[in-house]
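Here are my notes from a pass through this one, jotted down point by point. Have a look at the structure first, then read on.

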Amino acid sequence: MLWLFWYREFSLVSVGGHRMRLVILICLTLTLLPSIAGAQAGLGSFDFIGKRENRPAVQSGFAHPNGAQVTCFSLPGSSCHGVDCQTDRERAQLIQRTPDNLEGEAYRYSLSFFLPSDFVDVRPANLMIWEVKPAGTGKPSAVVEVIDGHLQFSLSNPGVTQADLMNPERPLIIRRLGAIPKGQWTDIVVDARWSHGADGVLHVYQNGRRVVEHRGANIDAKSARQQVMYGLYRSFISRYLNAKGVSQMPMQQACFANVSRQRIQF
C-alpha cells in the first residue's frame with residue numbers, strides 16, 4: 001500500500017511498507033522545473049512537466065531488489081499544467097532534456113516500476129508510464145501504458161501522421177502484457193534500432209521474457225530525434241470523470257528505478 005499525508009512543511013510517505021520523511025515545498029506556481037539532479041544513466045538531464053508540488057522525490061529506505069535508487073511520483077486530481085488543461089490531460093512526468101535518440105542508431109532502454117497495491121485503475125482514461133517520443137508535437141513512437149485494466153506496450157504506426165491530438169491514430173502494434181501489476185516491481189527492456197525503413201528493429205522484454213519482436217519502420221518519417229519520458233501522464237481524463245460522475249481524478253502514485261539507456265548493436 002502506498003499513502004501520503006500532506007503537512008505544511010513535510011510529509012510522511014510509506015512505500016511497500018517502508019516509511020520515510022521528505023521535504024515538500026508548497027507552491028501553487030505552475031512551471032517547467034530545471035533539470036533533475038542525478039540524471040539517469042546514459043540519458044543525460046531531465047526536466048519536469050507538471051505542477052511544482054508534484055515533482056518526484058528520491059526515496060531513501062526503499063530500493064529496487066537489485067539495490068537501485070528509487071524515485072516516486074504522485075499525481076493527485078486537478079493537476080493539469082499549461083496546455084494540458086486545454087487538452088484533457090494531467091501529468092507528473094520527466095522528459096529528457098536533449099532529444100538524442102537518433103534515427104539510424106540502436107539503443108537498449110531499461111526501466112523498473114512499482115505500482116502500489118491500492119493503485120487506482122482510471123479507465124476509460126489512459127495512463128502512460130514510459131515513452132520514447134519524437135521531439136516536438138506528435139505521437140510517441142513507443143509507449144508502456146495502462147489501458148482498459150491492462151499493462152500494454154504500443155508502437156505507433158510510422159506511416160500515419162498524427163493530425164489531431166484529441167483523436168490519436170491506431171498504433172501499429174498493441175501488445176497486452178497482463179493485468180495491472182500492483183504491489184510488485186515490473187522490469188521492462190526495450191531494444192530498438194530506430195529507422196524509417198525496413199532495417200528497423202524492436203524487441204521488448206517484460207521481466208526477462210520477450211513479448212514483442214518487430215522488424216521494419218518504427219519512427220515517423222518526419223522525425224529523426226527523440227526524447228525519453230516517464231512518470232504519470234494520463235490522457236482523456238474526461239472519460240473517467242463522466243463515467244464515475246466525479247469532478248476530479250483520483251490520486252495515482254508510481255515508483256521508478258533502473259531508468260537507463262545504452263548503445264547496442266544488432
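1. How many bridges join strand 6 to strand 18, and which way do the two run? Five bridges do the joining, and the strands are antiparallel. Keep in mind that the model is predicted.

2. Zooming out, that pair belongs to an open sheet of seven strands, ordered 5-6-18-9-14-15-16, with antiparallel pairing. Strand 5 (57-59) and strand 16 (209-215) are at the edges; each has a single partner strand, so one side of each has no neighbour in the sheet. On average, neighbouring strands are turned by 25° against each other, direction ignored.

3. On packing: the largest nonpolar core has 41 residues, and Tyr-109, Phe-113, Trp-130, Phe-153 and Phe-256 touch the most other members. Strand 9 (residues 106-115) supplies the largest share of this core, five residues. There's also a second, separate core of eight residues, with Val-70, Cys-72, Trp-185 and Ala-257 among them.

4. Phe-153 is worth a click. Leaving out residues up to four places away in sequence, its contacts include Ala-142, Val-144, Ile-173, Leu-177, Leu-202 and Val-212, and also Arg-175.

5. Is Arg-261 buried or exposed? This strand 18 residue has 12% relative accessibility, so it counts as buried, the cut-off being under 20%. Its side chain makes a polar contact of 2.8 Å with that of Asp-100. Beyond neighbours within four places in sequence, Arg-261 also contacts residues including Leu-43, Gln-96, Asn-101, Tyr-107 and Tyr-109.

Key
Residues are numbered from 1 along each chain as its sequence is written. This is a predicted model: local features need pLDDT of at least 70, side-chain atom pairs count only at pLDDT 80 or more; totals for chains, interfaces and linings use all residues. Side-chain values use heavy atoms; hydrogens and water are left out. Two strands pair if DSSP finds at least two bridges between them. Helices (H or I, at least four residues) and strands (E, at least two) are DSSP runs, numbered from the N terminus. Axes are lines fitted to C-alpha atoms, for helices over the stretch in contact, and angles run from 0 to 180 degrees between N-to-C directions. A nonpolar core is a set of buried Ala, Val, Leu, Ile, Met, Phe, Trp, Tyr and Cys residues joined through side-chain atoms within 4.5 Å. Buried means under 20% relative accessible area, exposed over 50%, partly exposed in between (1.4 Å probe, protein chains only). Contact means heavy atoms within 4.5 Å. A polar contact is a pair of N or O atoms within 3.5 Å; within protein, one must be able to donate a hydrogen and the other to accept it, and residues adjacent in sequence count only if both atoms are side-chain atoms.
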